[in-house]
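Hi there,

Here is the structure I promised to pass on to you.

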Amino acid sequence: SAATYADINGASVTLAAGTWIIFAHIVGGQPNAIIQMFGAITDAANTVIAESAQSRPASGTASLNSPMSMNFQAIVSPGVSTTYKLRAARGLTTHTGSFVVYDGSGYNTTNHATNNSDKGTSIIAIRIA
């Protein structure tokens with residue numbers, strides 16, 4: 001994670017013209033670290049549409065990866081086909097612990113540690129008009 005927004009790999013959706021609600025779910029963690037996790041829904045030009053933030057204290061156990069998550073939404077009305085994506089960043093000042101965003105589904109590894117299948121982040125859109 002970086003102190004400025006970076007793309008979350010595989011977390012994007014391309015929407016046709018219309019009105020849509022976008023549901024964002026970001027899951028991340030890092031073993032025994034104080035972290036601030038910031039998340040955003042942006043368009044392809046990285047214009048922020050909606051944001052969320054969450055922080056978590058250190059777990060006190062070096063091997064335990066206490067995951068955290070955030071859910072947030074946005075309503076968008078693109079006039080033409082437009083790609084929206086999820087981006088994430090860590091804190092800038094006192095809580096600068098890095099974290100890993102999990103991009104698949106399900107937790108099944110020892111102490112919730114990350115692996116190649118990753119875990120849980122998604123972006124989903126439903127057309128409402």
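A polar contact here is a pair of N or O atoms within 3.5 Å; within protein, one of the two must be able to donate a hydrogen and the other to accept it. By that rule, the side chains of lysine 85 and aspartate 7 are joined by a polar contact of 3.3 Å. Please keep in mind that this is a predicted model.

**The charged residues**

The structure holds 2 salt bridges. In one of them, the side chains of lysine 85 and aspartate 7 meet at 3.3 Å, N to O. Lysine 85 lies in strand S6 and aspartate 7 in strand S1 (residues 6–15), so this pair ties together parts that are 78 residues apart in sequence.

Arginine 87 also forms a salt bridge with aspartate 7, and here the closest N and O atoms are 2.7 Å apart. This pair, too, links distant parts of the chain: arginine 87 is in strand S6 and aspartate 7 in strand S1, 80 residues apart. Through shared partners, the salt bridges join Asp7, Lys85 and Arg87 into one network.

Are these residues buried or partly exposed? Lysine 85 has a relative accessible area of 13%, and because buried means under 20%, it counts as buried. Arginine 87 is buried as well, at 12% relative accessibility. Aspartate 7, with a relative accessible area of 41%, is partly exposed.

What else does lysine 85 touch, not counting residues up to four places away in sequence? Besides Asp7, its contacts include Ala11, Ser12, Ala40, Ile41, Thr42, Asp43 and Ile123.

**The nonpolar core**

The largest nonpolar core has 24 residues, and Ile26, Ile41 and Leu86 touch the most other members. Which elements give two or more residues to this core? They are S1, strand S2 (20–29), strand S3 (35–43), strand S5 (68–76) and S6. S5 gives the most, with 5 residues.

For leucine 86, I also looked at contacts, again leaving out residues up to four places away in sequence. Among the residues that leucine 86 touches are Ala6, Asp7, Ile8, Ala24, Ile26, Ile41 and Ile123.

Threonine 82 is in strand S6, which covers residues 82–90. The side chain of threonine 82 reaches the backbone oxygen of valine 80 at 2.8 Å. Leaving aside neighbours within four places in sequence, threonine 82 is in contact with Val13, Thr14 and Leu15.

**The surface**

There is also a nonpolar patch on the surface, formed by Phe23, Ile75, Ile124, Ile126 and Ile128. Together these residues have about 470 Å² of accessible area. One of them, isoleucine 124, is in strand S8 (residues 122–127). Isoleucine 124 is partly exposed, with a relative accessible area of 46%.

If you open the model, you could begin with aspartate 7, which forms salt bridges with lysine 85 and arginine 87.

Best wishes

Definitions and conventions: Residues are numbered from 1 along each chain as its sequence is written. This is a predicted model: local features need pLDDT of at least 70, side-chain atom pairs count only at pLDDT 80 or more; totals for chains, interfaces and linings use all residues. Side-chain values use heavy atoms; hydrogens and water are left out. Helices (H or I, at least four residues) and strands (E, at least two) are DSSP runs, numbered from the N terminus. Contact means heavy atoms within 4.5 Å. Patches are made of residues with over 30% relative accessible area and no salt bridge: like charges are joined within 9 Å, nonpolar side chains (Val, Leu, Ile, Met, Phe, Trp, Tyr) within 5 Å. Accessible areas come from the Shrake-Rupley method with a 1.4 Å probe; for residues, only the protein chains shown count as cover. A salt bridge is a side-chain nitrogen of Lys or Arg within 4 Å of a carboxyl oxygen of Asp or Glu. Buried means under 20% relative accessible area, exposed over 50%, partly exposed in between (1.4 Å probe, protein chains only). A nonpolar core is a set of buried Ala, Val, Leu, Ile, Met, Phe, Trp, Tyr and Cys residues joined through side-chain atoms within 4.5 Å.
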